[in-house]
Amino acid sequence: MMQDKDILTLAIETSCDETACAVLKNGREVLSNEVYTQIEIHQTFGGVVPEIASRNHLEKISEVIRKAVDDAGVTLEQVDEIAVTYGPGLVGALLVGLSTAKGLAYALNKPLIPVNHIEGHIAANYIAHKDLEPPFACLIVSGGHTHLVDVKGYNTFEIIGRTRDDAAGEAFDKIARTLGLGYPGGPLIDKLSREGNPNAIDFPRAMMDQDHMDFSFSGLKSAVLNYLNSCRMKNIEINVPDVCASFQAAVVEVLKHKAAQALTTTGYKKLVLAGGVAANSALREALAQIEGISLYYPPLNLCTDNAAMIGSAGYYSARAGIIGSLTTNAVPNLKIGECKL
Ligand code: KG4
Ligand code: ZN
């Protein structure tokens, strides 16, 4: 892409429980990436409490932006564009970032670039892999989403598979909560699984023999809960690492199977992994076994919510002329590929 001067993108992310700001150069080079996580605050409740999340974003956002700008060694005036997550997410949380971004865009007279959070997760890979370009197949697995997407271009997405009920990360979080492990459940189950036997309990793998690329994790979740209840009723000791490893193996097997199907259907040789569950070590190992393809995933700090990924997605939106305005609103249920400016 030819351009006369370097483009500096300031990006803001507040869709859930991370208050984040980053500065990027030319969409792929991270000059700063500041993330303040509220996880400890929400841990007491076993999940994110929306009202508390909004209030904490409001308290922290100015400090987080100041730090990101200082760390990048730039001034606000030098920034060329302001990218911000406008959906999907918790409406009160989104509005904190969006209102702040609008204020900055207005005061600095810079364009406002509204970004879809899930498309941001995909773009985390552009930062991690400088040579990665669309088209490719992408498996997006986060706390709120499980999708297989045909990424046809930087701003062109077609959903080819989706969960029909729970997201993969949601299943990890619910099982962890039932086992009394804490929140968020994914990293805890990932760690405990290393000490367990993935073949100890035969949990169901839904929709494996069907042509479509949709997922379902609610049956698996119920099967794990039923197993735990029946152990408790029969006074059988629960081997927590075995339960974790067996549950994780079921999730990973389905994700791998459907991702392989997506590659066959699209004919792509590139598989890109995105979202919080992309941090899962068993999933990475399983996908690496798919033959004849290149597998891409971001480093751990770019898998979970951050603003650098929003900056990268925003940079490519802006180059395509996708620009918001001071009337752009938060869209809590924004879909991949949807533009609601
Ligand atoms: O993408 P993300 O930070 O937030 C959303 O946009 O949803 O994803 C958070 C999710 C949580 O459900 C968390 O349990 C899961 O990602 N997660 C993991 C791992 N690290 C985070 N799941 C499985 N294994 C992990 N290592
Ligand atoms: Zn996310």
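The shell around ligand 1 draws at least three residues from domain 1 (8–124 + 303–319) and at least three from domain 2 (135–298), the domain bounds coming from an automatic or database assignment. This is a predicted model, in which local features need pLDDT of at least 70 and side-chain atom pairs count only at pLDDT 80 or more, whereas totals for chains, interfaces and linings use all residues. Residues are numbered from 1 along each chain as its sequence is written, chains are lettered from A and ligands numbered from 1 in the order in which they are written, and side-chain values use heavy atoms, with hydrogens and water left out.

**View 1. The shell around ligand 1.** Ligand 1 has 20 residues around it, and those that come nearest are Gly143, Asp173, Gly186, Asp190 and Asn280 (a residue is near if one of its heavy atoms lies within 4 Å). Helix H4 (117–128), helix H5 (168–178) and helix H6 (185–193) each supply at least two shell residues, and H6 gives the most, with 4. Helices (H or I, at least four residues) and strands (E, at least two) are DSSP runs, numbered from the N terminus.

View 2. A polar contact is a pair of N or O atoms within 3.5 Å. A backbone N or O atom of Gly143 lies 2.8 Å from an oxygen atom of ligand 1, and for a backbone N or O atom of Gly186 the distance to a ligand oxygen is 2.9 Å. From Ser142, a polar side-chain atom lies 3.4 Å from an oxygen atom of the ligand. On its own, ligand 1 has 550 Å² of accessible area, of which the protein covers 88% (Shrake-Rupley method, 1.4 Å probe).

**View 3. Two cis peptide bonds.** Most peptide bonds are trans. A cis bond, however, joins Gly87 and Pro88, with omega about -15°; Pro88 is placed in the loop between strand S4 (81–87) and helix H3 (91–108). Another cis bond joins Tyr183 and Pro184, with omega about -10°, and Pro184 is found in the loop between H5 and H6.

**View 4. A positive phi at Asn26.** Most residues other than glycine have a negative phi. Asn26 is not a glycine, yet its phi is positive, at about 50°. This residue is in the loop between strand S2 (18–25) and strand S3 (29–37).

Note on methods: Polar contact = N/O pair within 3.5 Å; in protein donor to acceptor, adjacent residues only side chain to side chain.
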